Amino acid sequence: MNDAFIRLEQVHYHYPDAPAEALRGVDLEIARGSFVAVLGHNGSGKSTLAKHLNAILLPTAGRVLVNGRDTADEDGLLELRRTVGMVFQNPDNQMVANVVEDDVAFAPENLGVPPAEIRRRVDAALEQVGMYAFRLHAPHMLSGGQKQRVAIAGVIAMEPQCIVLDEPTAMLDPAGRREVLAAMEKLRRTGITIVLITHHMDEVVDADRLIVMSQGRILADGKPPQVFSQVEELKAHALSVPATTELLYRLNHRGFSLPLGALSVDACADAIAAALGRGSRDTAR
Ligand SMILES: Nc1ncnc2c1ncn2[C@@H]1O[C@H](COP(=O)(O)OP(=O)(O)OP(=O)(O)O)[C@@H](O)[C@H]1O
Ligand SMILES: [Mg+2]
């Protein structure tokens, strides 16, 4: 099958001079329009994997195909960068202009998009992330969450098919994080493919698919409830699970048999209420 949107085949990556491989044989297919979350502790290879999705890095062995085309094919590089956009952790490193709208226009300008079309795209992208009112502001005066939303707008303005976000909320305060998550949720409804790397459990619970990395390999891959149900295995790799799963898991050790896949607080509470013979919370009220 070569028609997967993004496909990694036995991808290995070894940083020059590093003692060991950062990726050790990753096989992965990402379906168009899906929201894929990637978890894994520090150094497990998440960022290295992300950088393979738009040829910032090329595999030292194996290959990556995007729309059926090998990312190592130099003739396809411009098209690839237009297809898969990246948002990184530090918004300050992603600002290139002195005015918000110029910053968002930067990538489409470089792609040779005509000016009227750039205007349309920039306005639409800023609207999309709720930053249109700030279009004439100076990026360095914005909050972290605002800057990160401008960075996301800059990627959207390229009209990519996929957006890869590498810990986009890691440097933000809770308000900034909420803003960025709201922008991402809105983006998701447009049907774009999203790959989100994060350390925050609550950001992955609603994903279509959750991939857990460990030591350069994929340790688990499935729907979030399935993946988190493998509590023992995750713990064996020093990975944590959402607080809801942890609670259900501990209760099960005390003699309950609760479903570990009840990830949301509501689902978790309902499961416990049902086990206590009270039906769901709604009927108990
Ligand atoms: N530029 C580099 N040169 C050499 N080794 C590197 C480089 N970047 C990353 N590594 C190593 O490659 C491995 C994977 O790193 P990577 O940054 O992909 O992990 P990560 O899962 O993104 O971690 P984090 O959660 O800290 O962001 C680690 O052992 C790391 O030390
Ligand atoms: Mg990383």
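Which residue stands opposite Val-64 in β4? Keep that in mind as you read these points.

1. Before you start: this is a predicted model, in which local features need pLDDT of at least 70 and side-chain atom pairs count only at pLDDT 80 or more, while totals for chains, interfaces and linings use all residues. Residues are numbered from 1 along each chain as its sequence is written, and chains are lettered from A and ligands numbered from 1 in the order in which they are written.

2. Let us settle the question. Leu-8 is the residue that stands opposite Val-64 in β4. Strands β1 (residues 6-13) and β4 (residues 61-66) pair in the antiparallel sense over five bridges. (Strands are DSSP runs of E of at least two residues, helices are runs of H or I of at least four, and both are numbered from the N terminus; two strands pair if DSSP finds at least two bridges between them.)

3. Now step back to the sheet. It is open, has four strands in the order β2-β1-β4-β5, and its pairing is antiparallel. The edge strands, β2 (23-30) and β5 (69-70), each pair on one side only.

4. The protein is divided into domain 1 (6-241) and domain 2 (242-285), with bounds from an automatic or database domain assignment. Their C-alpha centres lie 33 Å apart. Nine residues from domain 1 and eight residues from domain 2 take part in the contact (C-beta atoms, placed from the backbone, within 7 Å). On the domain 1 side, helix α7 (residues 224-229) gives the most, with five residues.

5. The largest nonpolar core has 74 residues, and among those touching the most other members are Val-104 and Ala-153. (Such a core is a set of buried Ala, Val, Leu, Ile, Met, Phe, Trp, Tyr and Cys residues joined through C-beta atoms within 7 Å; buried means 20 or more other C-beta atoms within 10 Å, exposed means 12 or fewer, and partly exposed is in between.) Helix α5 (residues 144-156) gives the most to this core, with six residues.

6. Leaving aside neighbours within four places in sequence, Ala-153 is in contact with residues including Val-104, Leu-126 and Met-131.

7. Finally, visit a loop. Asp-206 is found between β8 (193-197) and β9 (209-214). Asp-206 counts as partly exposed because it has 14 C-beta neighbours inside 10 Å. Asp-206 and Leu-263 are 57 residues apart in sequence and 9.0 Å apart in space, C-alpha to C-alpha.

Note on methods
Two residues are in contact if their C-beta atoms, placed from the backbone, lie within 7 Å.
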